[in-house]
Amino acid sequence: QQADMIDRNQQTPYAQSWNLDIQHKLPKDILFEIAYSGSRGVNLAGTLEYNQIDPQFMALGTKLNDQVTNPFYGIITEGPISEKTITRGQSLRPYPQYVGVSSRDATYGASVYHAMYLKVERRFSKGFSALGSYTWSKLIDDVIPSRTGFPGESFSGAPLQNYYDRRSERALASFDTPHNLVISSVYELPFGPGKAFLNRGGAVGKIIGGWQVNGIALFQSGPPLQVNGGNG
């Protein structure tokens, strides 16, 4: 049996953000930019599992798997709690008549994001432009993967590892990507009307003129490796 609860104390999620940006024009139509960006998420939604075994009972070790008399036998007639015996671990849960008791959209979470952004841009001149940008960031949260999912994140909507110690969940977000480098360029080929080569009008000029070569390269670090364990 699984009970999904509606949290009547849900609060509205919101975000706060702040940034600082400095730009400077260098010779030869080159623009340099350095920026800092930060944000904070409050009341983020996640799953809370209220029926986890209190950590004080973990000292019992394998004895948690021992079979004990089921006080709900004959009352609960379907599912794993309907048998004559249940595990000792199940009997020690806050709500032993349920396998799980959870709120799937509890607004308990928080996140914080910090990033440094560097950009060097050669503005379009003489048929050529180039742009390079680099972002170094860190995203920390205490929210377990949601049911909607994010890149690199599970779609399981799993509960906290330890409901009794929520602060231990604060770590790198499962979709944190600290390094991101993007390089792009545009080169206008020197052929056709008004260009250095084959400067012709008419049909020939329309065919050979106006062509560009564009390129873009993305280098990005991967998200953290997720290590999953059993829930008590």
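Where is the place of Leu 20? Leu 20 sits in strand 2.

## Basis of the model

This is a predicted model, in which local features need pLDDT of at least 70 and side-chain atom pairs count only at pLDDT 80 or more, while totals for chains, interfaces and linings use all residues. Residues are numbered from 1 along each chain as its sequence is written, and side-chain values use heavy atoms, with hydrogens and water left out.

## Overall make-up

The protein has 2 helices and 10 strands, taken as DSSP runs numbered from the N terminus (helices: H or I, at least four residues; strands: E, at least two). Along the sequence the order is β-β-β-β-β-α-β-β-β-β-α-β.

Of the 232 residues, 29% are buried, meaning under 20% relative accessible area, with exposed set at over 50% and partly exposed in between (1.4 Å probe, protein chains only). The protein exposes about 15000 Å², and carbon and sulfur atoms supply 57% of that area; the Shrake-Rupley method with a 1.4 Å probe gives accessible areas, and for residues only the protein chains shown count as cover. Among contacts (heavy atoms within 4.5 Å) between residues at least 6 apart in sequence, 67% join residues at least 24 apart.

Tyr 14 has Val 42 in strand 3 as its bridge partner.

Strand 3 also pairs with strand 6 (residues 100-125), in the antiparallel sense over 18 bridges. Ser 39 stands opposite Tyr 113 of strand 6.

## Nonpolar surface patch

Trp 18, Leu 20, Ile 22, Leu 26, Phe 32, Ile 34, Tyr 36 and Val 120 form a nonpolar surface patch with about 670 Å² of accessible area together. Patch residues have over 30% relative accessible area and no salt bridge; nonpolar side chains (Val, Leu, Ile, Met, Phe, Trp, Tyr) are joined within 5 Å, like charges within 9 Å. A salt bridge is a side-chain nitrogen of Lys or Arg within 4 Å of a carboxyl oxygen of Asp or Glu.

Strand 2 (14-26) and strand 3 (30-49) each supply at least two patch residues, and strand 2 gives the most, with 4. Leu 20 counts as exposed because its relative accessibility is 55%. In a regular strand, side chains alternate between the two faces of the sheet.

## Asn 70

Asn 70 lies in the loop between strand 4 (67-69) and strand 5 (85-87). Asn 70 counts as buried because its relative accessibility is 4%. Beyond neighbours within four places in sequence, Asn 70 is in contact with Ile 81, Ser 82, Glu 83, Lys 84, Thr 85 and Ile 86.

How values were computed: Two strands pair if DSSP finds at least two bridges between them.
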